[in-house]
Amino acid sequence: MHRATLKKVQPALKQRQLFSRSSKWFSPSWYAKRLTPSWQACIPLALTIVLGWSYAGMTQTPPTLESVSQATAELKVGIDTMWVMIAAMLVFFMNAGFCMLETGMCRQKNAVNVLSKNLVVFALSTVAFWALGFGLMFSNSNNFLGVSGGFFLSGADNSPAIGDAYQGIFSALNWTGVPLGAKFFFQLVFAGTAATIVSGAVAERIKFFDFLIFSLLLVGIAYPITGHWIWGGGWLADAGFYDFAGSTVVHAVGGWAALMGAAFLGPRIGKYNADGSANALPAHNMSIATLGALILWLGWFGFNPGSTMGVGNGSLIAHIALTTNTAGAFGALAATITAWVVLGKPDLSMIINGLLAGLVAITASCAFVSVTSAAIIGTIGGILVVFAVGFFDKIHIDDPVGAVSVHLVNGVWGTLALGLFSQAGQFGAAPAPAAGLLFGGGISQLWLQVLGTISVGGATVLLSSIFWLALKSTLGIRVSAEEEFEGLDISEHGMEAYAGFVKEASGLSSSGTSGVTSGISSATNPYP
């Protein structure tokens, strides 16, 4: 063939060969020879999916401004709800911290009793707050008490609508754009915390049944009433009193109730000598007490930052986490140094309580103060708790775990500290209190904090005293001397926490036997 003709034919031949090779991909017989039946079945399925997606893509309606706006609003609600629920779960986990801390601080023979109280108290709190407390605390009111219902979480509510768009009976919570269930669960874990505080102060001598009844009354009645004044849109809120996360609403209320319980119960047998001096009744397991403190420290990052009940741009959450951690850290360090100087040793129980004191103290003002101010507030809290423990011992208020010194004393201090150190809305919180005395705001905010502290304290003392006295006069709130000596694990629960382990040789420490009637079986209990 002529060379020129060959050059013209060759491209055509190559194209024909290429087509011949590629045409096999379109031949069903080729697939039948080389693929199994399973793989063959996948081919039409894949083609169907591709064609379906293509059709959906061509027929999809383009987004409108309204649909984008609605999707954005729903996303915000979802993110805020997730944050509130995670924070609430952190606060719920604090129950484990209280369990470990209080059990470790008490004696071995009462471990089951303390664990049981801490476990069941949240179950009771759930029932009481759902049935009664939430409605009393947050339903629309006359400034003193929620009177619009809301019992068993019923009543009109269109959450997550906020502000003027909200229509329902829980207007006090219309500032947060999350569903009603999220609002309830977050407030529930706070209510449960107030009841748990009481458990430690009355440990080792209270009847189990009486403690359960008191917890129901506290969470169902006393806590919601004073809480309504502050967080429920009541008269203190209207006056301008502020408590961002609960130094007064939760901690001081629990502390006042605990103080009255310890006073009406009286001290444990052997705690005080005839001359009035105190004996140490040593904690049986500081390891789990320390673990409990660390769990509580973690839980506080839900307690305080979670009280924003919304994410926003995240800056306020981060600021609150910093002030919270700083106050706790400085409280622990201050208590360590103070105990070292005053007691001669860096007592671990004081370090633990110093940490908690700093955390309690910053709770009211965590969104309104600087990190430096948080360090000062925590330091003062850590110092206060060491001296408070000694003070209550001197007046014979027997508090086995230091709950009154931590939660009451530093709940009050933290509430007043807001009136001193507040920098108003500088850190993004809104609404916010006026500037504090030390930041040019004068005495007005401090006076409101004093007024709120006295009012809530007086009401809680009155209500809790009524509850304790009613229980004492009807059921008797204290176990017998024999039961106390034997230990509440056996007398109240019929079991031991450490079966098979070496038991305590005596119900008293070696230094605590003087002034105690010998023959405990014949001893009389001065606090029936």
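Met82 is exposed, with a relative accessible area of 55%, where exposed means over 50% relative accessible area, buried under 20%, and partly exposed in between, as computed with a 1.4 Å probe on protein chains only. Met82 lies in helix H4, and helices here are DSSP runs of H or I with at least four residues, strands being runs of E with at least two, numbered from the N terminus. Although Met82 and Gly310 are 228 residues apart in sequence, their C-alpha atoms are 9.1 Å apart in space.

Ala96 is also found in helix H4, which covers residues 65–105, and at 27% relative accessibility Ala96 counts as partly exposed. Ala96 and Asn118 are 22 residues apart in sequence, with a C-alpha to C-alpha distance of 8.1 Å.

## Basis of the model and overall make-up

This is a predicted model, in which local features need pLDDT of at least 70 and side-chain atom pairs count only at pLDDT 80 or more, while totals for chains, interfaces and linings use all residues. Residues are numbered from 1 along each chain as its sequence is written, and side-chain values use heavy atoms, with hydrogens and water left out.

The protein chain has 17 helices and zero strands, and of its 528 residues, 50% count as buried. Among contacts (heavy atoms within 4.5 Å) between residues at least 6 apart in sequence, 76% join residues at least 24 apart.

## Packing of H11 against H13

Two packed helices are described by the angle between their axes and the distance between the axes. Helix H11 (residues 315–343) and helix H13 (residues 371–394) pack at an angle of about 35°, with their axes 6 Å apart; the axes are lines fitted to C-alpha atoms, for helices over the stretch in contact, and angles run from 0 to 180 degrees between N-to-C directions.

By class, the contact of H11 with H13 has 14 nonpolar, eight polar and no charged residues, with Ala, Val, Leu, Ile, Met, Phe, Trp, Tyr, Cys and Pro counted as nonpolar, Asp, Glu, Lys and Arg as charged, and the others, Gly among them, as polar.

Helix H10 (residues 286–303) has 18 residues and reaches 25 Å from its first C-alpha to its last, close to the 26 Å expected at 1.5 Å a residue, where the expected span is 1.5 Å times one less than the number of residues. The buried residues of H10 include Ile288, Ile295, Leu296, Trp300 and Phe303, and what covers the buried residues of H10 includes H4, H6, helix H9 (247–265), H11 and H12.

Helix H12 (residues 348–362) has 15 residues and reaches 22 Å between its first and last C-alpha, close to the expected 21 Å. Because 13 of the 15 residues of H12 are buried, H12 is largely enclosed by the rest of the structure. Helix H15 (residues 444–474) has 31 residues, which should span 45 Å, and its end C-alpha atoms are 45 Å apart, which agrees; just after H15, Gly476 takes a positive phi of about 80°.

## Backbone features in the loops

Most residues other than glycine have a negative phi, and most peptide bonds are trans. In the loop between H5 and H6, Phe152 has a positive phi of about 55° although it is not a glycine, and Phe152 is partly exposed, with a relative accessible area of 48%. Leu153 is placed in the loop between H5 and H6, with a positive phi near 60°, and counts as partly exposed at 27% relative accessibility.

The peptide bond from Ser159 to Pro160 is cis, with omega near 15°, and Pro160 lies in the loop between helix H5 (111–138) and helix H6 (180–201). A cis peptide bond also joins Ala430 and Pro431, with omega of about 0°, and Pro431 is in the loop between helix H14 (403–421) and H15.

## Cysteines

The structure holds zero disulfides, a disulfide being a pair of cysteine sulfur atoms within 2.5 Å. Cys106 is buried, with a relative accessible area of 1%, and Cys366 is buried, with a value of 0%.
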